[in-house]
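Me: I'd like to go through this model and ask what the labels on it rest on. Could you walk me through it?

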Amino acid sequence: MTDERGRSHQPMTDTTPSPSLRIILGGIAALAIVGPIVAVRNAPAIAPPAVAEVKRPQRIVAPNEVPEVEPVEYQSLAPQDARAFNATVPFARGPNPAARPFRFAGDDAAKTRATDCLAAAAWYEAGDDPVGQKAVVQVVLNRLRHPAFPKTVCGVVFQGQERRTGCQFTFTCDGAMTRPPAAPAWDRARKVATAALNGAVYRKVGYATHYHTDWVVPYWSASLDKIAEVNTHLFFRWTGWWGTPPAFRRAVSGDEPVIAKLAPLSSVHGGIAGALAAADAPVAAAVPFTGTIPEPLVEAPDTYHVVLAGIAPEMFRAMADTACGPRERCKFMGWTDRRQLPTTVLPTPAQMAAMSFSYLRNTAEGFDRALWNCAQYPRPDAKQCMKRQVMPAATPTPPALVPTRGVAELDGVRRRADPAPVATPTVP
């Protein structure tokens with residue numbers, strides 16, 4: 001079509017939507033509004049970290065029962081899930097007293113061995129961080145004075161080192177020690193260890209006996225009291241009486257073992273002919289005994305007479321430690337021959353000679369000694385051997401004097417000649 005001016009144009013059409021189209025457009029608009037609301041309200045729940053397998057709190061162990069030291073096993077969680085779970089665990093309420101100062105009482109050689117064991121724990125567990133190292137070292141010393149753990153510094157640090165799972169400090173069994181620290185870093189770790197063995201205390205972790213990094217969840221963590229956080233490490237103590245200061249009064253040993261794994265780092269843990277072959281035996285002997293402990297004598301409550309048949313000699317000391325517990329005075333004597341077991345408080349000389357093991361403790365006098373019968377159980381150190389009890393020989397009964405006259409001569413026996421007759425004096 002053209003208008004009066006000759007311009008062409010299209011005819012006008014009706015653009016009003018039909019009723020059916022209006023219904024469709026309205027439905028789309030409604031879905032655009034209602035759909036997101038429905039989706040939000042019915043969205044699937046985001047599952048929390050999988051912590052169902054984490055060990056739940058157990059009963060509080062009574063003071064007369066030493067708590068069990070569990071192996072270090074971890075819940076299978078991604079690091080971010082582990083951090084989320086750890087953040088939900090509250091810190092324990094109440095006081096968190098600082099540990100008492102500890103001062104090493106062994107000789108110089110033993111103290112050097114203890115220093116290097118403690119420095120190894122500090123460096124491998126906390127790296128070259130002095131604050132983290134002090135916290136780790138404090139946990140080691142807390143364990144040292146607790147009856148659930150070995151009673152030497154090296155025994156505590158290297159407990160369970162022979163197992164890939166079960167070692168208490170993972171660096172002792174996971175191959176980490178093949179990467180030694182640089183000399184300056186090692187010196188710094190030794191200074192932290194030396195200060196702690198001379199009485200320095202890291203107060204923040206109190207009497208903590210356990211710790212872990214915040215990106216893992218050990219199975220034991222939910223059954224202990226969470227008491228401190230140092231950098232990325234969380235620190236725990238046992239619940240109940242076993243986490244209080246009186247539980248940390250066990251007498252410790254100053255006889256530190258040689259640790260073969262420390263030989264590349266420490267001269268006092270290597271270089272002695274034959275010592276490394278027997279280095280780990282004292283550590284095994286320091287592990288707490290988990291079997292049945294007999295009752296002390298009724299008439300002497302600090303004395304034990306025990307049958308040791310069927311028990312490995314390396315466990316004799318651990319058995320004695322567990323039986324004596326925190327007592328300041330204790331006497332533990334054992335026999336492998338049941339027939340030699342005394343029926344009175346004081347063994348007879350024959351029973352003393354047959355004794356297989358003895359442990360004597362008198363804390364007030366600084367006496368703490370375990371001895372083996374080395375004729376039965378040879379030991380790498382002669383100082384661990386009992387002095388042999390020599391039974392006095394019976395005094396022979398002299399033969400009765402009999403007249404010799406008229407008795408036949410015995411071949412090979414010299415007989416004193418008859419005395420000459422004595423002249424009888426005459427009276428003048």
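Predicted model: local features only at pLDDT ≥ 70, side-chain atom pairs only at ≥ 80, totals over all residues.

Me: Where does helix α8 lie?

Reply: Helix α8 covers residues 316-324 and lies across β4, β5, β6 and β7, at about 40 degrees to β6. Just past the end of α8, Gly325 has a positive phi of about 55 degrees.

Me: What makes β4 and β7 edge strands?

Reply: The sheet is an open one of 4 strands in the order β4-β5-β6-β7, with mixed pairing. β4 (303-307) and β7 (367-372) each have a single partner strand, so one side of each has no neighbour in the sheet, and that puts them at the edges. Neighbouring strands here are turned against each other by 5 degrees on average, ignoring direction.

Me: How do you know that β5 and β6 pair?

Reply: Two strands pair if there are at least two bridges between them. β5 (residues 329-335) and β6 have 6 bridges, in the antiparallel sense, so they qualify under that cut-off. For a spot to look at, Lys331 stands opposite Leu360 in β6.

Me: Why is Arg361 called buried?

Reply: Buried means under 20% relative accessible area. Arg361 has 4%, so it is buried. You'll find Arg361 in strand β6, which spans residues 357-362.

Me: What is Arg361 in contact with, leaving aside its neighbours within four places in sequence?

Reply: Its contacts include Lys151, Asp321, Cys324, Arg327, Glu328, Cys330, Phe367 and Asp368.

Me: What makes the link between Arg361 and Tyr359 a polar contact?

Reply: The cut-off for the N or O atoms is 3.5 Å, with one able to donate a hydrogen and the other to accept it. The side chains of Arg361 and Tyr359 are joined at 3.0 Å, so the distance is inside that limit.

Me: How do you know that Cys324 and Cys330 form a disulfide?

Reply: Two cysteine sulfur atoms within 2.5 Å count as a disulfide. For Cys324 and Cys330 the S to S distance is 1.9 Å, so the pair passes. The link is left-handed, with -70 degrees about the S-S bond. Cys324 is buried at 1% relative accessible area, and Cys330 is buried at 4%.

Me: How many disulfides turn up in a search of the whole structure?

Reply: There are 4. Counting bonded cysteines along the chain, they follow the pattern 1-2, 3-4, 5-6, 7-8. One of them joins Cys167 and Cys173, with sulfur atoms 1.8 Å apart. Cys167 is buried at 2%, and Cys173 is buried too, at 11%.

Me: Why does Cys385 count as partly exposed?

Reply: Partly exposed runs between the buried cut-off of 20% and the exposed cut-off of 50%. Cys385 has 22% relative accessibility, so partly exposed is the label. Its disulfide partner is Cys374, S to S 1.9 Å. That link is left-handed as well, at -90 degrees about the S-S bond.

Me: And Thr178, what makes it exposed?

Reply: Exposed means over 50%. Thr178 has a relative accessible area of 64%, so it is exposed. Thr178 is in the loop between α5 and α6, and its side chain reaches the backbone oxygen of Gly175 at 2.7 Å. The C-alpha atoms of Thr178 and Lys261 are 9.2 Å apart, although 83 residues separate them along the chain.

Me: Last one: which residues have the most contacts inside the largest nonpolar core?

Reply: That core has 60 residues, and Leu118, Leu141, Val153, Phe171 and Phe235 have the most contacts inside it. The largest share, 11 residues, comes from α3. A second, separate core of 15 residues includes Tyr304, Leu308, Cys330 and Phe332. As for Leu118, its contacts beyond four places in sequence include Val137, Leu141, Val153 and Ala193.

Technical notes
Residues numbered from 1 in each chain as written. Heavy atoms only, no water. Helix = DSSP H or I, 4+ residues; strand = E, 2+ residues; numbered from the N terminus. Buried < 20%, exposed > 50% of the residue type's maximum accessible area, 1.4 Å probe, protein only. Contact = heavy atoms within 4.5 Å. Core = buried A, V, L, I, M, F, W, Y, C linked by side-chain atoms within 4.5 Å. Axes fitted to C-alpha atoms, helices over the stretch in contact; angles between N-to-C directions.
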